[in-house]
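Biologist: I would like to learn how to read a few features of a structure. Please start with contacts between charged side chains.

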Amino acid sequence: MKVNGIGKIFLIIALSCSASLADTVNIPLAPTIYGSADSDGAYGGVSYDYRIGQTEVSYTQYAASGLGGGNTWVGTAGVNAPVAGITFHQAAQYCNWLTSGSVNAGAYTIAAGKVTAVMSRAAINSDGGLFYVLPTEDEWYKAAYFTGSGYSDYANGLNGMANAPLMNTDARYVNPAPGGTAPNTVWAVDAGAEEQNLTKNMMGNVFEWLQASADGDLNLPGNEDMVFRGGAAQWLGGTGDEADDRLHRGYRATGIFTDNSHDDVGFRVVAIPEPGTISLMSLSTVSLFITRSIRRRKRIGETLMPVRREPLCNTFGTEEEWFNQNQVETDSDYLAMLFETVKIRSTAAWSVVHNAYGSMDRIFWDRMVERHEIRMVKRQEYRQAVKTKIINGFDTFLALIMK
């Protein structure tokens with residue numbers, strides 16, 4: 001399907017609108033985790049790009065949706081406490097609300113207040129917009145433990161039980177270990193140490209709802225028995241077995257049902273942009289970014305997108321050098337090997353171009369999101385200023401009348 005200039009503008013506007021609610025309630029997202037097949041045994045293999053919430057969803061962020069409930073820990077940790085005591089269905093409706101502004105429209109099909117179907121990640125990626133969803137176990141696991149080349153035992157990037165998160169420094173636990181000193185409480189979602197992928201409290205605070213079952217099915221398990229991770233205190237029984245070390249990547253729990261709410265279970269969100277839309281936005285804004293990069297370069301002596309170009313064939317020498325290097329004895333051998341070399345180098349060059357375009361595509365997207373966030377903050381400040389002036393003017397008017 002071809003999209004003209006006006007169509008591109010409408011697509012960009014639609015995507016901006018879909019992200020505006022997340023901006024308004026200030027949902028911080030960790031940096032993009034790029035899709036690859038790497039996994040740690042059964043978990044962590046994610047083939048698409050995504051961004052996970054840097055923090056758990058707070059009560060303030062959740063309350064903006066009007067869904068109700070979730071204030072379990074407000075009296076203890078304030079309005080920035082993690083939302084807890086809500087069902088899986090409520091968490092899913094909140095993701096819909098972030099996506100579309102309606103609890104009934106998004107990746108989750110809602111009937112009578114419950115999730116009846118879930119879009120697959122493939123369908124989300126091909127739909128043409130930005131979706132907010134609950135993490136699958138693979139997405140959560142990779143965001144917590146992936147080091148870039150493998151997987152660590154803990155989300156702080158360290159290995160070994162001796163390096164488990166420290167209470168009140170790295171984490172708080174809503175569920176204290178038997179015989180331990182951990183208080184049965186939580187702290188604000190943005191408190192605690194920053195973890196290796198710039199997330200917080202994946203090693204503590206509350207447990208978190210996850211969407212997928214162990215077999216990776218993107219739809220709801222038939223028995224509604226869900227998997228959850230995070231939030232539990234380290235078991236202090238002393239065996240050292242990872243099965244008893246509840247913050248270790250080897251620990252996972254089940255037995256939590258979608259219809260039930262728990263005081264020690266909250267959630268964080270995942271944002272999945274559709275690659276086709278991102279590419280379309282990037283292509284339609286290339287000239288804008290290049291122009292502004294040049295202007296910025298003139299102002300501060302640098303560019304936002306430095307490009308270093310090198311000749312692709314600078315390793316070719318004279319024909320004699322080529323013959324000597326490859327020990328070619330006949331013209332036919334020479335031509336055959338030359339053709340093969342050109343083919344290999346052409347393939348490598350195409351791979352370089354493809355990867356470079358993918359990198360620029362992500363740069364353009366992140367830049368667009370950054371600019372949109374700045375606009376939304378300014379717009380919010382302007383609205384607040386107008387609101388304040390109206391209230392002050394009304395108060396002045398009342399004072400004049402009362403005299």
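Modeller: A salt bridge is a side-chain nitrogen of Lys or Arg within 4 Å of a carboxyl oxygen of Asp or Glu. This is a predicted model, in which local features need pLDDT of at least 70 and side-chain atom pairs count only at pLDDT 80 or more, while totals for chains, interfaces and linings use all residues. Residues are numbered from 1 along each chain as its sequence is written, and side-chain values use heavy atoms, with hydrogens and water left out.

Biologist: How many salt bridges does a search of the whole structure find?

Modeller: The search finds ten. One of them joins Asp-153 to Arg-249, with 3.3 Å between the closest N and O atoms. This pair links distant parts of the chain, 96 residues apart: Asp-153 is in the loop between H6 and S5, and Arg-249 is in the loop between strand S6 (225-229) and strand S7 (253-257). Helices (H or I, at least four residues) and strands (E, at least two) are DSSP runs, numbered from the N terminus.

Biologist: Which residues are linked in a network of salt bridges with Asp-153?

Modeller: The network consists of Asp-40, Asp-153 and Arg-249.

Biologist: Is Asp-153 buried or exposed?

Modeller: Buried means under 20% relative accessible area, exposed means over 50%, and partly exposed is in between (1.4 Å probe, protein chains only). Asp-153 counts as buried because its relative accessibility is 13%.

Biologist: Which residue forms a salt bridge with Glu-208?

Modeller: Arg-268 does, and the closest N and O atoms are 2.8 Å apart. Here too the pair links distant parts of the chain, 60 residues apart, with Glu-208 in strand S5 and Arg-268 in the loop between strand S8 (265-266) and strand S9 (270-273). Glu-208 has 1% relative accessibility, so Glu-208 counts as buried. Arg-268, at 0%, is also buried.

Biologist: Where do Glu-370 and Arg-367 lie?

Modeller: Both are in helix H10 (residues 331-402), three residues apart, which is about one turn of the helix. Glu-370 is partly exposed at 38% relative accessibility, and Arg-367 is partly exposed at 28%.

Biologist: How many bridges pair S1 and S9?

Modeller: S1 and S9 pair over two bridges, in the antiparallel sense. Arg-51 stands opposite Ala-271 in S9.

Terms used. Two strands pair if DSSP finds at least two bridges between them.
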